[in-house]
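Please keep the sequence and the 3D view open while reading.

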Amino acid sequence: MLKALFHVDEVNKWRLALTNIRNLLADTEVRGVEVELVANGPAVVSYVRDAALGNELRALANEGVRFVACRNALRGNHIAEETLPDFVQVVPAGVSELIRRQSEGFAYVKP
Amino acid sequence: MLKALFHVDEVNKWRLALTNIRNLLADTEVRGVEVELVANGPAVVSYVRDAALGNELRALANEGVRFVACRNALRGNHIAEETLPDFVQVVPAGVSELIRRQSEGFAYVKP
Amino acid sequence: MLKALFHVDEVNKWRLALTNIRNLLADTEVRGVEVELVANGPAVVSYVRDAALGNELRALANEGVRFVACRNALRGNHIAEETLPDFVQVVPAGVSELIRRQSEGFAYVKP
């Protein structure tokens, strides 16, 4: 079972990140992969302000992709946690999540 | 033996990536290193449209650097595989290659 | 003990990198973390030309964060090593440091 960790911290990198995740899930040579995406920095605003993206994220969440938001970044961008889509998990610090997951064997990809 | 995996997904990052690889190969404190570069996203166009870069890539390929292109990205950018330089290997999905190689012990570097 | 390796190669990514490091050090759920930041490419100029940043780096260095500069990048940017702040360590090639540290269990983060 492969484990993939995507890091998005710029608004304009979401598109490339989602293409990466879709290609990964569609790759018939990959048998079983656990996927998590951690958004921190300015990128977290897209969770609440980009409805089209939100629909795509929900579809991927329904396929098992975990979407994570950094609490520090939410606060810094004045986003109330209760306004996030229900499939987004909040962690105290996105950067800690990125490091912890790698220590658990996740491979890091920064689109 | 160190293992290094470079990820390039933007056209304007090739220069920095090649400088990194050259510095790595020239580092006399490094005794033996396996080097692979995976290009996906818009960066794959440089494999066919930048002749000067192509010459530099070929020189590095001759030194043992593996250059990989993502098939999804080639299709998305309307690049026929047979127009790629002969030293470029095509994989079904660049993102899967990035994850698989890390699970094999390659260290990831995103210039 | 977690180990975190930050990579900065663009001048305009320092801000995000320092926010990441501060959030990591402030995360009360993280018990013990070793932090190193490797600057290569154009980013090394900030070590000598951005006094405000320098003060922030020194404060973090006093908290145990290791700051590293790539000798190739220093030469490429005409920066004499003796003009660096005393808390900055110089390595022959930043890219080799990034790879070696990952082989030692450091998790890579590219802000």
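**Notes on the chains and their interfaces**

1. Chain A and chain B bury about 1400 Å² between them, and 62% of that area lies on carbon and sulfur atoms. The model is a predicted one, and each value in this note should be read with that in mind. The size of an interface is often given as the accessible area lost when the parts come together. Counted by residues, the contact involves 17 residues of chain A and 18 residues of chain B.

2. The interface of chain A and chain B contains one salt bridge. This salt bridge pairs Lys13(A) with Glu10(B), and the closest N and O atoms are 3.8 Å apart. Between chain A and chain B there are also five residue pairs in polar contact, counted where both residues have pLDDT 80 or more. On the side of chain A that touches chain B, strand S1 (2-8), helix H1 (14-26) and strand S5 (107-109) each supply at least two residues. By class, that side of chain A has ten nonpolar, two polar and five charged residues.

3. Read from the N terminus on, the elements of chain A follow the order β-α-β-α-α-β-α-β-α-β. The radius of gyration of chain A is 13 Å, close to the 13 Å that the globule rule gives for 111 residues, so chain A is as compact as a globular protein of that length. Along the principal axes, the C-alpha atoms of chain A fill a box of roughly 40 × 30 × 25 Å.

4. How are the copies related? Chain A is superposed on chain B by a rotation of 120 degrees with 0.0 Å of shift along its axis, at an RMSD of 0.0 Å. The copies use different surfaces, as 12% of the contact residues of chain A recur in chain B. For chain C and chain B, a rotation of 120 degrees with 0.0 Å of shift along its axis again gives a superposition with RMSD 0.0 Å. These two copies are thus related as by a three-fold rotation axis. Only 11% of the interface residues of chain C are also interface residues in chain B, so the copies meet through different surfaces.

5. In the interface of chain C and chain B, 18 residues of chain C are in contact with 17 residues of chain B. Together the two chains bury about 1300 Å², with 62% of it on carbon and sulfur atoms. In chain C, Val95(C), Ile99(C) and Arg100(C) lose the most area to chain B, and together they make up 35% of what that side buries.

6. Which residues form the salt bridge between chain C and chain B? Glu10(C) forms it with Lys13(B), the closest N and O atoms being 3.8 Å apart. H5(C) gives the most to the side of chain C that touches chain B, with seven residues. The residues of that side divide into seven nonpolar, seven polar and four charged.

7. One residue of helix H5 (residues 94-103) of chain C deserves a look, namely Arg101(C). The side chains of Arg101(C) and Glu36(C) are joined by a polar contact of 2.9 Å. Leaving aside neighbours within four places in sequence, Arg101(C) is in contact with Leu5(C), Glu36(C), Arg66(C) and Phe106(C).

Terms used: Residues are numbered from 1 along each chain as its sequence is written. Chains are lettered from A and ligands numbered from 1 in the order in which they are written. This is a predicted model: local features need pLDDT of at least 70, side-chain atom pairs count only at pLDDT 80 or more; totals for chains, interfaces and linings use all residues. Side-chain values use heavy atoms; hydrogens and water are left out. Helices (H or I, at least four residues) and strands (E, at least two) are DSSP runs, numbered from the N terminus. A polar contact is a pair of N or O atoms within 3.5 Å; within protein, one must be able to donate a hydrogen and the other to accept it, and residues adjacent in sequence count only if both atoms are side-chain atoms. Contact means heavy atoms within 4.5 Å. Copies are superposed by least squares on the C-alpha atoms of residues with pLDDT of at least 70 in both. Buried area is the accessible area (1.4 Å probe) that two parts lose on being put together, summed over both. A salt bridge is a side-chain nitrogen of Lys or Arg within 4 Å of a carboxyl oxygen of Asp or Glu. Ala, Val, Leu, Ile, Met, Phe, Trp, Tyr, Cys and Pro count as nonpolar, Asp, Glu, Lys and Arg as charged, and the others, Gly among them, as polar. The radius of gyration is taken over C-alpha atoms; the globule rule is 2.2 Å times the number of residues to the power 0.38.
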